[in-house]
Amino acid sequence: METTNGTLDEALLRLHTAGPEFGGYLSNHGPMAVEAMVRNGQARTVHRWLDTYAQRLEDVPAPRARITDANWQQTLGDPGRATDWTGYFTEQIAEHPWRELLAVWWPRLLPGIAGAATHPVIRVGHAVRSLLTEGEDEARIAELAHALGYWAARHLLPPTTVRPQGGATPAEALAALPRIPERDVTPLDGYAQLPHLSGWLSATESLHLPEDPEAAREGLTALVRAATLNYADHGHGDAILLVHAATAPNAVLRTLPALPRELWTSSFAVAWTAASALTTLYAADTPRPAPSAEGLTPEEVFARAVTHGDAHAIKFADTALDVAATSEDGDTRALSAALNAMALIDKAD
């Protein structure tokens, strides 16, 4: 454990010298991918993978002005203030326990889950998991500050409010979602189409949203499973963007143990909104068979994702392993979904 912790911390410190995005708008997946690799027994490959990945990253953007408790609302959702937001959360996390800070800021940031194609909440989920499972230390706490800062800078409110109030399970509601006519759109342009898409709001609101926190956690677990299996059949609609329909709600699920229970139901509702939007935008109309994972262990599937090298393939395989671990019948469909992502996503150089 000490060796893997050291690897994770070294990698995070390396990544904190780079900005949260590169190439204009692409998210820095490094912190998320290396946490998944350490978590799933691939710590020995982290620095070699990072040596290649870091070549595309850019320096931390220059700060503009200090964000404070008095002015933060004016800068929420301003991507040009990412470094200022990281500075703010770095100060806050030095003064408050990280769970206390998360409890305050989670309900403020959660409505903006759609920002940057949900990458910020995914980064927060990986940061929280590392703190819960690997323990607290300077690098991991700093990563949570970076992740929260990125989310605050990319905070994006949805074009319409979804109020789940039906009786459908996550799998049933996901299957009922319509599709936009053309999937070759950015998430931002796609979100704008959703309120005008026939059947989208009714299908999205058909989900059953329990009031009991534990039932909400179970519902969120079912949502992650349904979105992961949906990728096995429909991932060819958009190989990269559809993975977030599973990894974003899984990030929320991973964060629940660190949150007050009274926030669990609203967290499920917002995670569903994000997953349903991404599915509507990027899932293919008709299914195709995924590669078979019969005879493969979860460890072997994840090792293949690391060999593949793409950060999205790695992160999606990480979520698929979570789903496989909760299966009671030896179901390999989640692992097949991970193999499908590797087949559909271009292999990293």
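Biologist: At what angle do helix 12 and helix 16 pack, and how far apart are their axes?

Modeller: In this predicted model, helix 12 and helix 16, the latter covering residues 311-325, pack at an angle of about 125°, and their axes are 10 Å apart.

Biologist: Which residues make the contact of helix 12 with helix 16, and how do they divide by class?

Modeller: Helix 12 contributes Val224, Arg225, Thr228 and Tyr231, while helix 16 contributes Phe316, Thr319, Ala320 and Val323; by class, this contact has 5 nonpolar, 2 polar and 1 charged residues.

Biologist: How do you know that the length of helix 12 agrees with its number of residues?

Modeller: Helix 12 has 22 residues (213-234), which at 1.5 Å a residue should span 32 Å, and its end C-alpha atoms are 31 Å apart, so the two values agree.

Biologist: What makes Asp212 a cap for the N-terminal end of helix 12?

Modeller: A side-chain oxygen of Asp212 lies 3.2 Å from the backbone nitrogen of Glu214, and a polar contact requires such a pair to be within 3.5 Å.

Biologist: What makes helix 13 oblique to helix 16?

Modeller: Helix 13 (residues 244-255) and helix 16 pack at an angle of about 60°, with their axes 10 Å apart. Because only angles under 35 degrees count as roughly parallel and the roughly perpendicular range runs from 65 to 115, helix 13 is oblique to helix 16. Their crossing is left-handed. His244, Ala246, Thr247, Asn250 and Arg254 of helix 13 meet His312, Lys315, Phe316, Asp318, Thr319 and Asp322 of helix 16, a contact with 2 nonpolar, 5 polar and 4 charged residues.

Biologist: Why is helix 6 called roughly antiparallel to helix 7?

Modeller: Helix 6 (residues 98-109) and helix 7 (residues 119-134) pack at an angle of about 155°, with axes 12 Å apart; since the label applies to angles over 145, helix 6 is roughly antiparallel to helix 7. Trp98, Arg99, Leu102 and Trp106 of helix 6 meet Val121, Val124, Val128, Leu131 and Leu132 of helix 7, and these residues divide into 8 nonpolar, no polar and 1 charged.

Technical notes: Residues numbered from 1 in each chain as written. Predicted model: local features only at pLDDT ≥ 70, side-chain atom pairs only at ≥ 80, totals over all residues. Heavy atoms only, no water. Helix = DSSP H or I, 4+ residues; strand = E, 2+ residues; numbered from the N terminus. Expected span 1.5 Å × (residues − 1). Polar contact = N/O pair within 3.5 Å; in protein donor to acceptor, adjacent residues only side chain to side chain. Axes fitted to C-alpha atoms, helices over the stretch in contact; angles between N-to-C directions. Contact = heavy atoms within 4.5 Å. Nonpolar A, V, L, I, M, F, W, Y, C, P; charged D, E, K, R; others polar. Left-handed = near helix turned anticlockwise from the far one by under 90°.
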